[in-house]
Amino acid sequence: MQVLSASSSPWLRARSFVRLNGHGFLVSVVVAVAAKFLSEHYGAPAMLMALLLGIAFHFLAEDDAGDCKAGIEFTARTVLRFGVALLGARISVELMMSLGADLIAVVIAGVILTILFGLLGARLLGRGWRFGVLTGGSVAICGASAAMALSAILPKNEHSERNLVFTVLSVTVLSTIAMIAYPILTEAFEFNDDVSGVFLGGTIHDVAQVVGAGFSVSDQTGEVATLVKLIRVAMLAPVVLVISFLVRRHAEFGEEDGKRPPILPMFVVGFLIFAVLNSMGLIPEVVSSAMADLSRWALLVSIAAVGMKTSLKRILDVGGQAIVLIVAETIFIAALVLAGVYLFH
């Protein structure tokens, strides 16, 4: 009887896992599909739609809601990390080096200094260091994707979910505004296609909005903007690694939620492995494209789950100082990249 039980335990565990998490995961998928439909038919950012629709279904994540709560937690945590890991398949060292050392340095400096600016701004405005890292990193690197990756390694407190949803909502809205306004700025400053691409790719938060803004100027601007944006995306792994190390190093950071995060989270390991494989040409183009699509869907599904975990009332409690901070970070990185573009061109 024990042998039979042991042999069937993997199957039983799988059934138990699906029964526990299946409902919440499927609800998150349905919300993500609805968000994608709205995005494709009405032009609204898919991430923003998934977040807002998720918030509308917050009642499904409450303790007395039934079978969905555990699956929503799983989707917001594990599916998110899976999507971030797959982002590595979009990175190629060869493509990045074609931009030139000077402009690569400008983009990297923009990422680092914006995060430091976020920390300083959070301190001056009386916000916690977590909020500074979360908003600064999301503005500096790749918007909602970076916010979710950073949230996964920061110590949790009672404001963690609220701050994550606020950050995703804010950077998505600001990125959409930038997608419309920044191409007008490139014309006002009379930038050529390459300089316009560096400015757009180095300042706009989300990848989709970078692509939209870049190709609205010209095909060459769109290609350069996408390349520059991928350099910022590539900074996600080292930034998460450094922050994880600092969180572990300082006991007052890591012990607030009872445990320290790993030195190198597994989703960052996956990101790096896929980036190396893609840089070595070991991932065929069709596979890389499929992984990129899967990553986008995983992040969309997970942000729907994050929205369901957060109540609208708690988001409104975040305060005007938080809005000031994230707008200031957006202006800071725009000014910094603009100065770098003028310096090297």
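Let's start on the surface: Ile 108, Ile 112, Leu 113, Leu 116 and Leu 119 form a nonpolar patch there, with about 380 Å² of accessible area together. A patch here is made of residues with over 30% relative accessible area and no salt bridge, where like charges are joined within 9 Å and nonpolar side chains (Val, Leu, Ile, Met, Phe, Trp, Tyr) within 5 Å. Accessible areas come from the Shrake-Rupley method with a 1.4 Å probe, and for residues, only the protein chains shown count as cover.

Before we go on, a word on what you are looking at. This is a predicted model, in which local features need pLDDT of at least 70 and side-chain atom pairs count only at pLDDT 80 or more, while totals for chains, interfaces and linings use all residues. Residues are numbered from 1 along each chain as its sequence is written, and side-chain values use heavy atoms, with hydrogens and water left out.

Ile 112 is found in helix H5, residues 101–124, and is partly exposed, with a relative accessible area of 42%. For these words, buried means under 20% relative accessible area, exposed over 50%, and partly exposed in between (1.4 Å probe, protein chains only).

Now the whole chain. There are 17 helices and zero strands; helices (H or I, at least four residues) and strands (E, at least two) are DSSP runs, numbered from the N terminus. Of the 345 residues, 52% count as buried. The chain exposes about 16100 Å², and carbon and sulfur atoms supply 68% of that.

What about the inside? In soluble globular proteins, nonpolar side chains tend to be buried together. Here, the largest nonpolar core has 63 residues, and those with the most contacts inside it include Val 168, Phe 267 and Ile 303. Another core, of 28 residues, lies apart from it, with Ile 104 and Val 341 among its members. A nonpolar core is a set of buried Ala, Val, Leu, Ile, Met, Phe, Trp, Tyr and Cys residues joined through side-chain atoms within 4.5 Å.

Next, Pro 265, in the loop between helix H13 (251–254) and helix H14 (266–279). Is Pro 265 buried or exposed? Pro 265 counts as buried, at 2% relative accessibility. Leaving aside neighbours within four places in sequence, Pro 265 is in contact (heavy atoms within 4.5 Å) with Ile 153, Val 240 and Ser 244.

Glu 190 lies between helix H8 (160–188) and helix H9 (193–203), and counts as exposed, at 69% relative accessibility. Its phi is near 60 degrees, a positive value in a residue other than glycine.

Last stop: salt bridges. How many does the structure hold? Four, a salt bridge being a side-chain nitrogen of Lys or Arg within 4 Å of a carboxyl oxygen of Asp or Glu. Glu 73 meets Lys 69 at 3.8 Å, N to O; these two are four residues apart in helix H3 (residues 69–86), so about one helical turn separates them. Glu 73 also meets Lys 309, at 3.1 Å. Since Glu 73 lies in helix H3 and Lys 309 in helix H15 (residues 285–309), this pair ties together parts that are 236 residues apart in sequence. Finally, Glu 161 and Lys 309 form a salt bridge at 2.8 Å, with Glu 161 in helix H8 and Lys 309 in helix H15, 148 residues apart. Through shared partners, Lys 69, Glu 73, Glu 161 and Lys 309 are joined into one network.
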